[in-house]
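Colleague: I'd like to learn how to read a few features in a model like this one. Could you walk me through them?

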Amino acid sequence: MSPESLAFAPKAFCPPSSRPPVCVRWLGTAGFEITHGPYTLLIDPYVTRAPLSVCVTGPLKSDDNAVRVFAPQADAIVVGHCHFDHALDVPAIARATGALVFGSRSTARLCHAFGIPSKLVSNVEDQPSEHDVGPFRLRFFRSRHSKLLFGRAVLADGDLGETIPQNALAYRSGTVLAVEIEVAGLTLFHLGSAEIDDASIPSRAVDLLLFCAEGWTLGDRVPERVLHRLSPKAILLSHWDNFFTPFDRGPKPLPGLALARLVERFTRLRRDLLLGTLPFFGDVRL
Ligand SMILES: [Zn+2]
């Protein structure tokens, strides 16, 4: 089963005509742009897509041109964790747009190291943590990262230091956060890694779950635990693309996704579940 074969139909969702739609656009990896009216929220935007060799050897730097083209506008940026494929571009986007940044203590350190004014950056590690930005109500929860190191440990675990990281592994995860976004009467939920903290995320109904597919097989009954907590009407799969390749080559699936099994596990539990993918910069409107 290919990710493309799961693409949402153009009118998979039916936004009411009585209000502007909530537009959810995929930016590759776990990155999303959510817009409602004139307001833009970015989650884990990673548009540099540096080649593997640069990630390993460094220096790993945000691509200013990619930021200008692919993330031109933001009122707020949410950072689920600080691995480079979630956080590398955040300081550059914040600087270019003046957006507020919400994330862990490590996210705040990263922004500080790049000279982003501290009044724009909120450490939302301590719960409960709720923030309003335009029409978006953001609610943060502690979450977990999948154990990408052979199912035994989290790669690049721990907090970021005070200095600018120079290569991919120096971008340590920091505290991992999940975020709920309420907007226009809808509830969206973002899991940027294929794990969930059952204890810290209360059961809730969700209209659209943005779910990271990478590494879902490495945890214990991840689809079942996610559905038990979040009860989504629809799931948009993300982070299934090889993020060492540039956008212009189109999304190439990561190895070992076991997508057919993932879909089967989700839909066996919830037969009416709407589940799909998007192409780069494709969107759904709710
Ligand atoms: Zn990660």
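**Zinc, salt bridges and a helix face**

Modeller: Let's begin with the metal: the zinc ion takes its protein donors from H81 (NE2), H83 (ND1) and H145 (NE2), which lie 2.1 to 2.2 Å from it. Keep in mind that this is a predicted model.

Colleague: How are the donor residues of the zinc ion spaced in sequence?

Modeller: The spacing reads H-x1-H-x61-H. As for geometry in general, ideal angles at a metal are 109.5 degrees for four tetrahedral donors, and 90 or 180 degrees for six octahedral ones. Water is not among the atoms here, so a site may look incomplete.

Colleague: And H81, is that buried or exposed?

Modeller: H81 counts as buried because its relative accessibility is 1%, and the cut-off for buried is under 20%. H83 is buried too, at 8%.

Colleague: What about S146, where does that one lie?

Modeller: S146 is in the loop between β8 and β9. S146 has a relative accessibility of 1%, so it counts as buried. Leaving out residues up to four places away in sequence, S146 touches V154, S193, A194, E195, E214 and G215.

Colleague: E195 is on that list. Which residue does E195 form a salt bridge with?

Modeller: The general idea is to look for a Lys or Arg side-chain nitrogen within 4 Å of an Asp or Glu carboxyl oxygen. E195 pairs with R225, and their closest N and O atoms are 2.9 Å apart. That pair links distant parts of the chain: E195 sits in the loop between β10 (186-191) and β11 (206-212), R225 in helix α6 (residues 222-230), 30 residues apart. E195 is buried at 9% relative accessibility, and R225 is buried at 10%.

Colleague: What does helix α6 have to do with helix α7?

Modeller: There's a salt bridge for that: the side chains of E224 and R265 meet at 2.6 Å, N to O. E224 belongs to helix α6 and R265 to helix α7 (residues 259-269), so this pair ties together parts 41 residues apart in sequence. E224 is buried at 17% relative accessibility, and R265 is buried with a relative accessible area of 17%.

Colleague: How many salt bridges are there by that rule?

Modeller: The count comes to 22. Salt bridges that share partners join E130, D132, R137, R139, E180, E182 and R204 into one network.

Colleague: What about R109 and E162, how do their side chains meet?

Modeller: R109 and E162 form a salt bridge at 3.6 Å, N to O. This pair also links distant parts of the chain, with R109 in helix α5 (residues 105-113) and E162 in the loop between β8 (136-142) and β9 (177-183), 53 residues apart. Look at accessibility here: R109 is partly exposed at 24%, while E162 is exposed at 54%.

Colleague: Back to α7. Which of its residues are buried?

Modeller: The buried ones in α7 are L259, L262, V263, R265 and F266. Viewed down the axis of α7, these buried residues fall within an arc of 160°, so they line one face of the helix. The general idea is that an α-helix has 3.6 residues a turn, so residues three or four places apart point the same way.

Colleague: And what covers the buried residues of α7?

Modeller: The cover includes β11, α6, β12 (232-238) and β13 (274-276). R265 is among the buried residues of α7, and its salt-bridge partner E224 lies in α6.

Technical notes. Residues are numbered from 1 along each chain as its sequence is written. This is a predicted model: local features need pLDDT of at least 70, side-chain atom pairs count only at pLDDT 80 or more; totals for chains, interfaces and linings use all residues. Side-chain values use heavy atoms; hydrogens and water are left out. Helices (H or I, at least four residues) and strands (E, at least two) are DSSP runs, numbered from the N terminus. Buried means under 20% relative accessible area, exposed over 50%, partly exposed in between (1.4 Å probe, protein chains only). The arc is that of the directions from the helix axis to the C-beta atoms. Contact means heavy atoms within 4.5 Å. Donors are N, O and S atoms within 2.8 Å of the metal (3.2 Å for Na, K and Ca); water is not among the atoms, so sites may look incomplete.
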